[in-house]
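Open the model in your viewer and keep the sequence panel beside it. The stops below say what to select and what is found there.

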Amino acid sequence: MNSSIQNVRLTQTVKKGGCAAKLPAGELKEVLAGLKTYQPGDLVVGHETMDDASLWDLHDGKYLIQTLDFFTPIVDDPFDFGAIAATNSISDVYAMGGKPITAMTILAFPGSELSLDLIRPLMDGALSVLNRAKTALVGGHTIDDETLKLGFSVSGFVPKNRAWTNSGAKPGDVLILTKGLGTGTLTAALKKSEAKPEWIKTAIQSMTTLNDVIDALENIEVHSATDITGFGLAGHLSQMATASGCGFQLQLNSLPWLPGATECLEKGFLTRAHTTNAKYTADKTHWNLSETDLRFWPEWKRKIIYDPQTSGGLLLSIPEKQANEALIKIQELGFVQASIIGQAVARSSQLIEIR
């Protein structure tokens, strides 16, 4: 790698990084309300429930899954950034219960600011993930832009009887989260050179771990699924609750944290998305905490549910009788922080009760 690449800190070339760069969910929803889109009969899942990807009926026992995702650098190393971007893009296919088959690159590159040689390690990192996921890179599109952005449009398949959506959760289900939380605050600290190297190393390992739990859960009834990304745990949980017509009880003490996330939140390393995610879910959440709880969970610590995740874990809604079996199977895949974090309940005025 030449010296011009080695000396570049990618996080210093952008104002926002990763999924924290998403537009605010609430404002975006208002702007897009009332759009008149073509709705053919073969489209089983579109944009209406804010699901992770679309499902198209192929009339051969399978659905075609389509999704795309791209963002600005969240880490400094180009190889790691490429790997995270690919893992994050593929995750939406796993969140629908399917397997990815093809990917197309979306790359905006500031050619006047950065060496074109940087593209090679970016794509080497991405291919390290795509090849592991047995996903063929079949092409893509690049533009010259002021800010580096990388992502992928991904297609996949899922058997019709195995498709997962964010709209099937049922009261009594147990919620399982497959990865620890905290990539937003950790990478905010990284941008300010305040994160310990071991924290970022673990966060990168998490962000490049494929959410491929599909085969392991072949005999588990997954009622609903989504992956936790830029809108934070609270945002994606509220979207699942809205789509499913139920509510959720969230157990704060059961949430898994990435190493260093507590320290970074306490020191106030935040993104704009922490604020917009809290605003987006304010009228959907009820904090049912005692005075003792509040001492253990001060305001800064409670921000973990708003933390914008990049390439975060899957959130799965599973019948209680199968939850422990499912958790063991997921942990055996290497998701050591996978945890039961709550349960689905009957719908109330607040979609999420936090205990």
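Select K301 and W297. K301 lies over the face of W297, at 4.7 Å from the ring centre. The model is a predicted one.

W257 lies in the loop between β9 and α8 (261-266), and W297 in the loop between α10 (291-296) and α11 (299-302), so the pair ties together parts that are 40 residues apart in sequence. Both W257 and W297 are buried.

How many aromatic pairs does a search of the whole structure find? There are four. One of them is F71 with F81, also tilted, with 6.1 Å between the centres and 40 degrees between the planes. F71 belongs to strand β3 (residues 62-71) and F81 to helix α3 (residues 78-95), so this pair ties together parts that are ten residues apart in sequence. Both F71 and F81 are buried.

Stay on helix α3 and select Y94, which lies in that helix. Y94 is buried, at a relative accessible area of 1%.

Next, select K62 together with F157 and D60. The charged end of K62 sits over the ring of F157, 5.6 Å from its centre. K62 also forms a salt bridge with D60, where the closest N and O atoms are 3.1 Å apart. K62 counts as partly exposed at 29% relative accessibility, and D60 is partly exposed with a relative accessible area of 46%.

The salt bridge between K62 and D60 leads on to others. A search of the whole structure finds ten salt bridges. Select D57 and K160, whose side chains meet in a salt bridge at 3.2 Å, N to O. This pair links distant parts of the chain: D57 is in strand β2 (residues 54-57) and K160 is in the loop between β6 (149-159) and β7 (174-177), 103 residues apart.

Move to helix α4 and select R120 and D124. They form a salt bridge, with the closest N and O atoms 3.1 Å apart. Both lie in helix α4, four residues apart, which is about one turn of the helix. R120 counts as exposed at 59% relative accessibility, and D124 as partly exposed at 31%. Then select K99, D212 and D215, which are linked in a network of salt bridges.

Now show strand β9 (residues 247-250). Both of its faces are covered: G247 and Q249 on one side, F248 and L250 on the other, are all buried. β9 and β12 run antiparallel and are joined by four bridges, with G247 standing opposite V345 in β12. β9 and β13 pair in the parallel sense over three bridges, and the bridge partner of F248 in β13 is I352.

Two backbone stops follow. Select K134, in the loop between α4 (119-132) and β5 (136-144). Its phi is near 55 degrees, a positive value in a residue other than glycine. K134 counts as exposed, at 74% relative accessibility. Then select S311, in the loop between α11 and β11 (314-318). S311 has a positive phi of about 50 degrees although it is not a glycine. S311 is buried, with a relative accessible area of 2%.

Finish with a surface view and select L23, L28, V31, L32 and L35. Together they form a nonpolar patch on the surface with about 490 Å² of accessible area. L28 lies in helix α2 (residues 25-32) and is partly exposed, with a relative accessible area of 33%.

Notes:
Residues are numbered from 1 along each chain as its sequence is written. This is a predicted model: local features need pLDDT of at least 70, side-chain atom pairs count only at pLDDT 80 or more; totals for chains, interfaces and linings use all residues. Side-chain values use heavy atoms; hydrogens and water are left out. Buried means under 20% relative accessible area, exposed over 50%, partly exposed in between (1.4 Å probe, protein chains only). Two strands pair if DSSP finds at least two bridges between them. Rings of Phe, Tyr and Trp (its six-membered ring) pair if their centres lie within 6.5 Å; planes under 30 degrees apart count as stacked, over 60 as edge-to-face and the rest as tilted. A charge sits over a ring if NZ of Lys or CZ of Arg is within 6 Å of the ring centre and within 35 degrees of the ring normal. Patches are made of residues with over 30% relative accessible area and no salt bridge: like charges are joined within 9 Å, nonpolar side chains (Val, Leu, Ile, Met, Phe, Trp, Tyr) within 5 Å. Accessible areas come from the Shrake-Rupley method with a 1.4 Å probe; for residues, only the protein chains shown count as cover. A salt bridge is a side-chain nitrogen of Lys or Arg within 4 Å of a carboxyl oxygen of Asp or Glu.
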